[in-house]
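Here is a brisk tour of one protein chain. Have the sequence and the structure open while you read.

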Amino acid sequence: MQVDHTRTPLFSALLQHAEKNPIQFHIPGHKKGVGMDPEFRAFIGDNALSIDLINIAPLDDLHQPMGVIEEAQKLAADAFGADHTFFSVQGTSGAIMTMIMSVCSEGDKIIVPRNVHKSILAAIIFVGAKPVFIQPLRDKNLGIDHGIPVRSVRRALEKHPDAKAVLVINPTYYGVCTNLKEIVELVHSYNIPVLVDEAHGVLTHFHDKLPMSAMEAGADMAATSVHKLGGSMTQSSVLNVQGPRVNPKRIQTIMSMLTTTSTSYILLASLDTSRRHLALNGRDMAERTIELAQHARRAINEIPNLYCFGEEILGEEATFTYDPTKVCVHVRKLGITGFEVENWLREHYNIEVEMSDMYNILCLITPGDTREDVETLLTALRELSHINDDVAEVKEVVIEVPAIPQLTLTPRDAFYGETEVIPFKESADRIIAEFIYVYPPGIPILLPGEVITQELIDYIVDHVEVGLPVKGPEDRSVQNVKVIVETQAIF
């Protein structure tokens with residue numbers, strides 16, 4: 001059946017409702033802006049405020065869609081190649097939590113990469129699942145992590161065939177993809193669902209020069225950030241679902257449990273219209289974006305002491321393909337850190353990058369970028385290279401992450417357990433009750449329920465002492481750490 005993607009059922013209904021200009025005896029209390037701060041109203045504009053509405057009957061209800069939201073979600077499912085699409089106003093984090101909580105129960109195992117987003121770990125804590133970690137492939141030249149090898153997934157399934165799900169990141173933050181289709185086929189041979197963190201992959205659905213999308217690869221669920229690269233407003237994402245291994249009605253129930261009852265119709269409308277734009281123009285949008293990104297990549301690789309990886313890194317199981325719109329600039333040979341480059345670009349060129357780490361900056365090229373924007377970035381990087389062309393010493397890439405520690409309690413039992421705070425340097429052999437992340441590469445070094453080793457203490461203290469970012473613990477200085485209270489032995 002031919003689907004008419006020129007339609008925007010939800011956005012059109014909002015416009016029609018606003019045109020009627022009804023008298024509102026319902027929330028939001030600003031009543032089309034009249035009751036709010038005048039400066040903010042003038043800045044935002046009355047058009048936006050006229051559709052800042054709630055789930056009154058003509059506008060349907062995200063918690064039980066039966067009208068224009070249901071129609072909008074069906075159009076999105078067609079656009080993304082899914083059986084069902086659920087709109088999320090809780091961002092991709094909310095969609096990721098929904099995926100995990102709809103297939104896992106207390107005590108269930110879930111196989112996940114170690115370099116997962118914190119929303120995945122949050123869902124594991126909420127549901128009481130047991131994570132089985134796979135170490136991603138580490139790129140020792142760039143100091144970043146890529147995907148998880150198929151062979152590692154195979155070993156995990158052989159050891160844990162009772163796992164309730166396997167979660168894959170596709171693509172990674174830096175744009176690299178594992179062989180997702182092969183992983184899906186392997187996991188499905190165990191009749192286990194595959195969940196995909198597709199936060200950075202919305203455009204993959206619309207161009208064959210980009211990596212294969214989760215739905216095309218046969219994954220059961222994929223949390224996809226439309227707002228990151230696809231043109232909707234911040235905090236708006238979709239959860240795409242297909243196949244017999246997951247229950248759409250349960251997914252709807254879990255999604256509803258995690259979602260505010262005061263859903264933002266501005267966010268929902270932006271999803272509806274972004275789907276139209278992508279369905280009608282997505283291929284052209286992606287084509288222009290890829291061309292712009294590849295132009296930037298070629299030009300950066302001509303600048304002394306800078307490097308932007310491309311197809312040459314492919315060939316491993318965990319580097320099966322890549323998304324060229326993620327422009328990762330390796331700056332180590334300038335003799336400065338990625339953090340310093342980020343600050344320099346901000347101060348001297350008013351450029352904000354997506355992120356920086358010890359050795360790289362990451363710039364996302366999207367359909368919202370222009371050639372002029374990219375040329376400004378290239379001018380800035382050329383100047384930066386010239387300033388640092390007489391660097392005396394180039395730091396070697398040192399990314400040595402200790403072995404994954406032993407998990408002795410489920411993350412939930414540790415997170416909610418009876419705890420005490422002790423000096424971190426004296427915490428060897430204790431069970432941690434909070435998170436510790438070290439940047440780079442942003443992988444959790446310790447999760448609630450894991451045993452702290454002396455090796456981990458030394459590793460983390462070294463990072464703190466040289467001023468590298470350590471995040472997660474309540475004590476940001478990492479002088480103290482929260483651990484599980486242990487019953488003293490009786491002598």
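Pro28 sits in the loop that runs between helix 1 (9-20) and helix 2 (38-44). The model is a predicted one. The peptide bond from Ile27 to Pro28 is cis. Its omega is near 5°.

The loop between helix 1 and helix 2 also holds Lys31. Lys31 is not a glycine, yet its phi is positive, at about 50°. Lys32 lies in the loop between helix 1 and helix 2 as well. Lys32 also has a positive phi without being a glycine, with a value near 65°. The cut-off for buried is under 20%.

Asn170 and Pro171 are joined by a cis peptide bond. Here omega is about -10°. Pro171 belongs to the loop between strand 6 (165-169) and strand 7 (176-177).

## Aromatic rings

How many aromatic pairs does the model contain? The count is 6. Tyr173 and Tyr174 are one of these pairs, with ring centres 6.4 Å apart and planes at 50°, so the pair is tilted. The tilted class lies between the stacked limit, under 30 degrees, and the edge-to-face limit, over 60. Tyr173 has 32% relative accessibility and is therefore partly exposed. Tyr174 has a relative accessible area of 8% and is buried.

Phe435 and Tyr437 form a stacked pair. Their centres are 6.0 Å apart, and the angle between the planes is 20°. Both residues are buried. A charged side chain also meets a ring elsewhere: Arg114 lies over the face of Phe133. The distance to the ring centre is 4.5 Å.

## Helix 5

Is helix 5 mostly covered or mostly open? Helix 5 (residues 91-103) is mostly covered. Of its 13 residues, 12 are buried. Among them are Gly91, Gly94 and Ala95. The buried set also includes Met97, Met99 and Met101. Ile96, Ile100 and Val103 are on the list too. So are the polar residues Thr92, Thr98 and Ser102.

## Domains

The protein is divided into three parts: domain 1 (9-279), domain 2 (286-388) and domain 3 (411-484). How far apart are the C-alpha centres of domain 2 and domain 3? They lie 33 Å apart.

## Ser385 in helix 13

Ser385 is part of helix 13 (residues 371-387). Its relative accessibility is 3%, so Ser385 counts as buried. What does its side chain reach? The side chain of Ser385 reaches the backbone oxygen of Pro304, at 2.7 Å.

Set aside the neighbours within four places in sequence. Ser385 is then in contact with Ile303, Pro304 and Leu334.

## Phe339 in helix 12

Phe339 is found in helix 12 (residues 338-349). With 23% relative accessibility, Phe339 counts as partly exposed. Which residues does Phe339 touch, beyond its neighbours within four places in sequence? The contacts are Ser356, Asp357, Met358, Leu468 and Pro469.

Now take Arg283. Phe339 and Arg283 are 56 residues apart along the chain. Their C-alpha atoms are separated by 34 Å.

Strand 17 (residues 436-438) is joined to strand 18 by 3 bridges. The two strands run antiparallel. Ile436 has Leu446 in strand 18 as its bridge partner. In general, the strands of a sheet pair through backbone hydrogen bonds, in a parallel or an antiparallel way.

Terms used. Residues numbered from 1 in each chain as written. Predicted model: local features only at pLDDT ≥ 70, side-chain atom pairs only at ≥ 80, totals over all residues. Heavy atoms only, no water. Phe/Tyr/Trp six-rings, centres within 6.5 Å; stacked < 30°, edge-to-face > 60°. Buried < 20%, exposed > 50% of the residue type's maximum accessible area, 1.4 Å probe, protein only. Lys NZ or Arg CZ within 6 Å of the ring centre and 35° of its normal. Helix = DSSP H or I, 4+ residues; strand = E, 2+ residues; numbered from the N terminus. Polar contact = N/O pair within 3.5 Å; in protein donor to acceptor, adjacent residues only side chain to side chain. Contact = heavy atoms within 4.5 Å. Domains from an automatic or database assignment. Pairing = 2+ DSSP bridges.
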